[in-house]
Amino acid sequence: MNYILAALIGVFVAVGVYFLLSRSVIRMLLGVTIFGNAVNLLIFVGGRLTREVAPIVPYGEETIAGAANPLPQALVLTAIVIGFSMFTFLLVLAFRTYQALDADNTDNMRLAEPEDGCRPPLSY
Amino acid sequence: MAATSSSLPQAMIETATAAADWVIVLPMALCLMGAALLLTTRRARMFHAGLAILFLVAIIACEAMLFARVMAEGPVSMTMGKWLPPFGISFTADIFGAGFALTSAVVTLVLVVYMQMDRTPGDNRDGQFAMVLLLLAGVTGSFLTGDFFNLYVWFEVMLIASFGLIVLGGRGLQLDGAVKYGFLNFIATTLFLMSLGLTYGLLGTLNMADIALKAPDANPAALAGIAALLLLAFGTKAAAFPVNAWLPASYHTPPAAVSALFAGLLTKVGICALMRALLMLFPASRDLLEPVLVAIAVATLVIAPLGAIAETNLRRAMGFVVIGGIGVVFCGIALPSAEGVAGSGFYIFHAILTMTALYLIAGLVEKVTGETDSRRMGGIYAASSPLSILFIVLVLAAAGVPPFLGFWPKLLLIQAGLERLDLATPGAAIDWTGLAVAIALLVNAWLTLIAGTRLWAHIFWRAGTEGDRSEHQAANVRPLSRREGWFGLGATAALTGVIVVAGLLPDLAFEAARTGAADFIDPSRYIAAVGLAPEE
C-alpha cells in the first residue's frame, strides 16, 4: 500500500512540475494544485498508514495498539485549508491579471520587467 | 484523566502558565487581534493609523521585555494546549528570534508612520494597516515558534498578508509583479511542506528541540535529502542566487512603503529559518552541503551587486542590494564557527533596519522626481539636501563602510573566513572556502559601494536627466509637501538615526549576536528551555 502511494506521489509531483513549467497561467494553477495534493498525500503516508483501528482509546484503557496515527490527519487538514485559500487567491489574481494586462502567458507580462529596461546606465 | 496511578509518563501540563511567560505569545496575539479590530472597524478609517500605532507600541513593549528576559536567562519556552512537548505546540524564544522580532516590530512602527504621508480623506486602501499587522504576526510567529509545522503556518500567514499588500491598489504593474511573487513563493512554501512531511516520516516529531535531539540518530542520507529540500525552499524564500529572480521582478511594484516592509522583513524570515534548520536542527547534513552553501554564498555576493550596477530602475536596483545581503548571511551558514554565525545574526539585524530605510528613501526620491527610473532622475540636490545626506549614509551603511552598522557583521564574517586559513601552522593545506568567502565579501562591499554611490551621483549630483545638455533640474521636480516632510522624511530620518547610533554603539548587538550564535551551534540551552531531556 505504502509503495503504491509513494509511486502515486511521484506521479503527482511529476505532473505538477510539468504543468508549472508551462508559461500559461491556467496550467501553472493546475500544476500548483496537483503539486500541493502530492505533498498532502506525502504527509499522510509519512505518518504510516493503518486501516483497521481508529485512534480512539477505549473506555477504561490507557493505550491503544495498532491504531492509525491521528497527527498527519491534522497536519493534512491544515495544509489543505491553507493550500486551497492560496489557490483561490492565485485564481482570482490570474483572472484580474488577464483583465488588466490582457495576458495569460507569463512571456507577455512585461510591465514590471520591461524588455528595454536592461540597458545599463551611462557614465559613472 | 483521573488515572493517577498510571504507568505512563506524564503527558499533560497540570500547572497554569506563569504570567511572565505570556510575553512569548502576546506579540502574535496582539498582532492578530489588532488586525481583526481594524477589519471590523473598517468604516472608521480615520482611527486606523492611531490604533495600529497603539498596537505596535504594545507589541514592542512585550518584545522588549521578552528580549531582556532572554538575554538574562537564556531561551524561554511556552507550550500550548496543556500537552507537554513534543506533543503540544511550543513557542520558544531564543536571542536571535526575540531580537529579530523586536527589530521587525520597530521597523513596522516606522513604516506605519511613513505611510501617513500618502493618506488622504478619500483613501480607499482601508485594509492596509490590518494587513501590515497580519504580516507582522506572520513574521513574529516565524521568529518565535519552536515547532516546525507551526513555522509553516506562520509562513503562510505572512505570505497571504503580503499577497494582499502587493495587489492593494490594483495597478497592472502590481498584478504583474504579484503573479511572479505569488507563484514562486507558494511553490517554495509547498516544498517546505514537503520536507516537513519527510521530517515527520523520518523522525516522528516536529518540535524543533525534539528534532535537534533525534536527528543525530536518523539515517544521514535521508536527512541530507531533507536538508537539501529545505535549502531550496528557504533559499527561494530568501532569494539566494539561483532562485532569486522573483525578487527584482516584484518588489518594486507596490507602493514604496509596502516594498520597504517586504525588503526589510520577508527575505530575512526565510534566511533565519534556513539558519535555524541547517545550523541547529541538521548540523551533520549542513556539513555535507557545505560546498553548495559556499558556492551559493559567493555567487550571490558577487552577482547581486552586479545586477544593482546594471539596473536603472531605482527600487529594482535596491532589490539586488537586498539579494546581496542574503549572500552575506549565507557566509555564516557556510562557515559555522562562533564568529561566522554571530556575523550572520548581526547582519540580519542590520539588514532588517537598513534595507527598509533604503526603500523608504527611494520612495521619497520617487516622490520628489515623479519618476521610478534613475535615468530620468537627476539634479535634485538643490530641492532636497536632507534626502541626499540620508541616501549616502544608508548606501555607506548597506555597503559596510566602517563607522556604520553594516561593517561589524562583515568584520565578524571575514574573521570567520580567515580563521579557516590556519596560517600559523606552516605547510598546512590551504582551505580555499574560507578565503573565497572572505574575498567575495570584500568584492560585494566594493561593488555595492559602486552601485549605491553611482545611483546617488546620478540622482543628486547630475544636472538634469541622462543625456541632458542643460544644467537645469528636471521640470517635474517638486519639493516634498509639509505632510510628506513630517511623516515621510521624519520616519526615514528616525530609522537612519537608529542605524547610525546602533553602528556607533554596537556592544549590545555584539553580545546578543555572540550569545545567540552559541545557542545555535550548541542548542542544549534551547532544548532544556523546551523541557526535553538531552539524554533519552
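How much of residues 147-419 of chain B is helix, and how much is strand? Over this stretch chain B is 80% helix and 0% strand, with its end C-alpha atoms 34 Å apart. Helices (H or I, at least four residues) and strands (E, at least two) are DSSP runs, numbered from the N terminus. UniProt positions follow the numbering used here, feature names are shortened, and annotations may be inferred rather than shown by experiment.

The model is predicted: local features need pLDDT of at least 70, side-chain atom pairs count only at pLDDT 80 or more, and totals for chains, interfaces and linings use all residues. Residues are numbered from 1 along each chain as its sequence is written, while chains are lettered from A and ligands numbered from 1 in the order in which they are written.

Confidence comes next. The predictor gives the complex an ipTM of 0.93 and a pTM of 0.93. Its confidence in each residue is the pLDDT, from 0 to 100. Chain B averages 89, and 94% of its residues score at least 70; chain A averages 87, with 94% of its residues scoring at least 70. Over residues 1-5 of chain B, pLDDT stays under 50, and the model has 1 contact beyond four places in sequence for them. Two residues are in contact if their C-beta atoms, placed from the backbone, lie within 7 Å. Where pLDDT is low, the predicted coordinates should not be read in detail.

Chain B also has two strands, β1 (residues 76-79) and β2 (residues 90-93). They pair in the antiparallel sense over 4 bridges; two strands pair if DSSP finds at least two bridges between them. B:Val76 stands opposite B:Ala93, and B:Ser77 opposite B:Thr92. From β1(B), B:Val76 and B:Met78 point one way and B:Ser77 and B:Thr79 the other. From β2(B), B:Ser90 and B:Thr92 point one way and B:Phe91 and B:Ala93 the other. The residues named for β1(B) are all buried, as are those for β2(B). A residue is buried if 20 or more other C-beta atoms, placed from the backbone, lie within 10 Å of its own, exposed if 12 or fewer, and partly exposed in between.

The largest nonpolar core has 229 residues. Such a core is a set of buried Ala, Val, Leu, Ile, Met, Phe, Trp, Tyr and Cys residues joined through C-beta atoms within 7 Å. Helix α10 (residues 256-281) of chain B gives the largest share of this core, 20 residues. B:Leu274 is among the residues with the most contacts inside the core. Beyond four places in sequence, its contacts include B:Leu230, B:Phe234 and B:Ile333.

Where the chains meet, 35 residues of chain A and 40 residues of chain B take part in the contact. On the chain A side, α2 (25-46) and α3 (70-101) each supply at least two residues, and the largest share, 14 residues, comes from α3(A).

A:Phe95 lies in α3 of chain A and counts as partly exposed because it has 13 C-beta neighbours inside 10 Å. A:Phe95 and A:Ile26 are 69 residues apart in sequence and 9.3 Å apart in space, C-alpha to C-alpha. An unreviewed UniProt entry annotates residues 6-21, 28-49 and 74-95 of chain A as "transmembrane region". Residues 74-95 are 100% helix, with end C-alpha atoms 32 Å apart.

Key: pLDDT is the predictor's confidence in each residue, from 0 to 100.
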